[in-house]
Amino acid sequence: MPPPVPPPVASAEAPPLLREFRGVWVATVGNMDWPSKRTLSTAEQQAELRALFDRAEALRLNAVIFQVRPAGDALYDSRIEPWSEFLTGTQGKRPDPFWDPLQFAIDEAHARGMELHAWFNPYRAGFTRGKSPLAKNHLARTHPALVSRYGSYLWMDPGEPAVRERTVRVVLDVVKRYDVDGIHFDDYFYPYPENDRRGRELPFADARSWQKYRRAGGRLSRADWRRENVNVLVRALEEQIHKTKPWVRFGISPFGIWRPGFPAQVRGFDAYEKLYADARHWLREGWVDYVVPQLYWPTTKQGQAYPVLLDWWAQENVRQRHLWPGNFTSRAGMPGASAFPVSDLLEQIRLTRLQPLASGNVHFSMTSFLKNQAGMNDTLRVGPYRAAALPPATPWLKAPPPPQPTPHVVQARDGMALRLTPDGRSAPWQWLVRLRTDTAWITMLLPGATSRWTIPASLSPTKVTVSALNRVGTESAPVSLSLPSASTSSPAERPR
């Protein structure tokens with residue numbers, strides 16, 4: 001009779017934790033992801049948002065990109081722009097009872113060890129078929145010359161300096177007053193082209209700002225001038241965000257194709273020529289801390305294959321900024337010609353991990369996870385997201401280094417507790433706590449303000465390793481403690 005097989009034993013030291021950005025977009029425009037209806041009460045809206053974060057946490061995601069400015073409005077207590085109709089049903093109407101969704105989302109994210117990125121649309125001002133009239137303090141009413149109708153939208157003119165200044169002012173207001181981890185822009189700069197009833201492309205109404213530029217001696221072509229208008233905004237945001245809070249990351253999610261023919265086999269929409277968005281320039285100049293190209297096609301799509309586009313963006317990432325491709329997760333497991341199986345979503349994540357200059361993915365959008373569409377949640381949890389991951393560090397941004405932890409184990413009423421204190425006066429942004437059991441390492445991410453944490457007795461851990469993280473994700477050296485059954489604390493074991 002063969003001898004019994006011994007149970008697996010965890011390694012003596014905690015293995016390095018995976019660094020991978022796992023984000024999800026939460027779209028509020030049109031009540032796409034949240035809130036489900038504009039008629040919900042404050043309590044119902046909060047319950048939905050809390051459930052959303054619970055689901056993201058259960059999937060081991062580590063970042064939520066939360067849309068706070070869909071169309072010149074606000075899903076937070078803005079001093080500049082009106083409350084969004086997508087929240088209250090009427091633009092300009094405060095929630096009653098009052099609450100601040102952005103602050104609530106930040107608190108829910110940080111309590112779970114997740115990042116919260118505030119998502120803005122820079123130029124969309126409204127919809128011609130809006131459900132409610134524009135509020136008195138909406139830009140289209142206070143400065144109508146800055147806004148024009150374009151197809152089904154109201155659009156701010158990117159050629160007007162006052163428009164760019166307003167967008168910067170709106171973003172900085174949030175950076176100053178809210179503890180966001182990132183500022184995020186989507187792919188809407190100049191509007192996507194729309195056609196009239198005869199099928200002709202509608203011209204964008206910027207003749208006034210264009211003529212002003214020409215009279216002042218401007219020599220760029222109209223297309224180059226439009227691109228430069230967007231460049232000026234992106235550059236200003238990068239500078240001002242980091243001047244205000246050096247650790248806040250600034251990222252953009254451009255259309256996944258920069259230009260057809262780049263690389264040679266790629267076909268499709270020309271964002272450079274139609275949206276006047278030179279995303280390659282922003283990336284190569286280092287004006288963004290992260291780029292999320294919307295690679296919304298399956299791996300086998302001819303002309304827009306996911307791996308081909310991913311490799312092209314990686315080649316352009318000469319400053320080694322974060323490259324986190326966006327995935328059209330809402331199409332995974334759905335019917336239709338543009339859909340693809342959940343297995344292809346897994347392949348997209350696998351290919352991203354194989355690309356050295358990419359370090360995560362962002363999923364569009366949260367609704368597919370709330371529905372567990374085609375069982376994708378279960379597939380991700382037992383597959384690529386079966387283990388926890390930390391967002392990658394951003395070493396080019398400035399933040400105080402993390403303090404060295406000085407943890408102690410103390411006897412608590414219901415077992416053992418971990419006393420967390422920094423080596424110095426300043427607390428870290430987060431504590432990374434890892435517990436060794438007989439078969440695995442269990443990872444916990446705690447707020448830096450945590451000074452005492454009860455160790456779950458059900459895990460029966462034998463060792464704990466603690467490190468500290470600062471606001472840009474830099475990790476301190478770990479400190480390890482043995483966990484005795486006795487009531488006395490154990491001295492720290494510092495790695496040699």
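## Largest pocket

The largest pocket is lined by 20 residues, and E57, R112, A388, T443 and L445 lie nearest its centre. Its volume is about 410 Å³. A pocket here is an open set of points on a 1 Å grid over the protein atoms alone, where a 1.4 Å probe fits, with protein on both sides within 12 Å along at least five of seven lines; lining residues have an atom within 4 Å of a point. Grid points are joined across faces, edges and corners, and the volume is the space filled by probe spheres set on the points.

The lining divides into 13 nonpolar, three polar and four charged residues. Ala, Val, Leu, Ile, Met, Phe, Trp, Tyr, Cys and Pro count as nonpolar, Asp, Glu, Lys and Arg as charged, and the others, Gly among them, as polar. At least two lining residues come from each of α1 (42-58) and β16 (441-447), and β16 gives the most, with four residues. Helices (H or I, at least four residues) and strands (E, at least two) are DSSP runs numbered from the N terminus.

## Basis of the values

The model is predicted: local features need pLDDT of at least 70, side-chain atom pairs count only at pLDDT 80 or more, and totals for chains, interfaces and linings use all residues. Residues are numbered from 1 along each chain as its sequence is written, and side-chain values use heavy atoms, with hydrogens and water left out.

## Salt bridges

The count comes to 28 salt bridges, each a side-chain nitrogen of Lys or Arg within 4 Å of a carboxyl oxygen of Asp or Glu. R50, D54, E57, E108 and R112 are linked in a network of them; E57 and R112 are also among the residues nearest the centre of the largest pocket.

D181 and R471 form a salt bridge with the closest N and O atoms 3.0 Å apart. D181 lies in the loop between α5 (161-177) and β7, and R471 in the loop between β18 (463-469) and β19 (479-482), so the pair ties together parts 290 residues apart in sequence. D181 has a relative accessible area of 6% and is buried (buried is under 20%, exposed over 50%, partly exposed in between, with a 1.4 Å probe and protein chains only). Within helix α11 (residues 342-354), R350 and E347 are three residues apart, about one turn of the helix, and their salt bridge has its closest N and O atoms 2.8 Å apart. R350 is partly exposed at 41%, as is E347 at 25%.

## Aromatic pairs

There are 34 aromatic pairs in the structure. Rings of Phe, Tyr and Trp (its six-membered ring) pair if their centres lie within 6.5 Å; planes under 30 degrees apart count as stacked, over 60 as edge-to-face and the rest as tilted. F21 and W324 are stacked, at 3.7 Å centre to centre and 0 degrees between the planes. F21 is in strand β1 (residues 21-26) and W324 in the loop between β10 (322-323) and β11 (326-327), so the pair ties together parts 303 residues apart in sequence. Both F21 and W324 are buried.

W155 and Y188 form a tilted pair, with centres 6.3 Å apart and planes at 45 degrees. W155 is buried at 0% relative accessibility, whereas Y188 is partly exposed at 22%.
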